[in-house]
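Good morning, and thank you for coming. I shall present one structure today, and I ask you to keep it in view while I speak.

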Amino acid sequence: MKRILVVGAGGQIGTELVPFLQKHYGYDNVIAADLKPAVVERLSRTAIAMTLDALNEVEYADTVRRYRIDAIYNLAALLSATGEKDPQLAWKINMGALLNSLNIAKEYGCALFTPSSIGAFGENTPHYKTPQDTVMRPNTMYGVCKVSGELLSDYYHTRFGVDTRSVRFPGIISNGAMPGGGTTDYAVEVFYHAVKYGKYTCEVPENRYMDMLYMPDALDAMIQVMEADPSRLIHRNSFNITAMSFTPKQLFTQIQKRIPEFSATYNIDPVKDQISASWPDCLDDSCARKEWGWNPRWGLHEMVDDMIRACREKLLRGEF
């Protein structure tokens, strides 16, 4: 049975990935690590958790050795909008955590998953049915880190034989934890606001298409690509994946059908406007479907129903 280390486990993805991995590999085989002690305290209620700075290579390597880790999920990163507030810090964290992960995976023979993103694309990328292999010249530090990460991960695989694998996540919608500084955050925040206040102010233009993925599909994708037969993988870092593409206006219309009193206004954030305009409208995920059987289960209507249900339950419990 594999032993898994999740680095950056307290974020939007990690919060739900840890229990998902526990169900798949067993409670004792999943270690949750995060930099913030308060987050680790929360994680420790339901998982084996520890404080870990992914930029401290000695501490990181010691953890992998001590727990005999077989696979690392490296989720430590500053997201797109947050990264633009301090690009130098974004580079330091995103690339520092990745380089340490790659070197440690090389030394200890670990498989390594580090998510990429639609942020890796740029204005010159074809925006409709964006191909798996295409122009990638992003205009954000987050995107620059993602492209660099894909190249480095491929290099460590071909040069040193490290089992690196990844997917390019679109916006991830979830109800497990609030997102932290991404351009697609509106698609999560709106549900909380709709349920609690009946209104929401969106910082992304109403007709801006972006790909999205519901968290259950994102979790499936991570395990599926890591468990895929390596002989079938033509690509490794990273696969386009998506489940739906919509605009804020289209999403809000669906919410209004279920919460008639809900209303939305717009106050466009220039940074998020610029970033989202450079990203694809919809991705071609045919390579992921062909090479490891990617097949999302959640569409727009099912996701909206489930998010409203989950947010209402959290509101009743006083969780927001």
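Predicted model: local features only at pLDDT ≥ 70, side-chain atom pairs only at ≥ 80, totals over all residues.

Residues are numbered from 1 along each chain as its sequence is written, and side-chain values use heavy atoms, with hydrogens and water left out.

Let us begin with the whole chain. Its radius of gyration is 19 Å, which agrees with the value near 20 Å that a compact globule of 320 residues would have; the radius is taken over C-alpha atoms, and the globule rule is 2.2 Å times the number of residues to the power 0.38. Of the 320 residues, 56% count as buried, meaning under 20% relative accessible area, while exposed means over 50% and partly exposed lies in between (1.4 Å probe, protein chains only).

The chain has 12 helices and 14 strands. These are DSSP runs numbered from the N terminus: helices are H or I with at least four residues, and strands are E with at least two.

Three strands form an open sheet in the order β9-β11-β13, with mixed pairing; two strands pair if DSSP finds at least two bridges between them. At the edges are β9 (171-173) and β13 (244-246), each of which pairs on one side only. Strand β9 runs parallel to β11 (residues 210-214), and 3 bridges join them. Within β11, Y214 stands opposite I173.

Where is R68? R68 lies in the loop between α3 (57-66) and β4 (71-74). Although R68 is not a glycine, its phi is positive, about 55°. R68 counts as exposed because its relative accessibility is 58%.

K129, in the loop between β6 (116-117) and α6 (141-160), also has a positive phi, near 50°, and is a residue other than glycine. With 45% relative accessibility, K129 counts as partly exposed.

A cis peptide bond joins N237 and S238, with omega about 10°.
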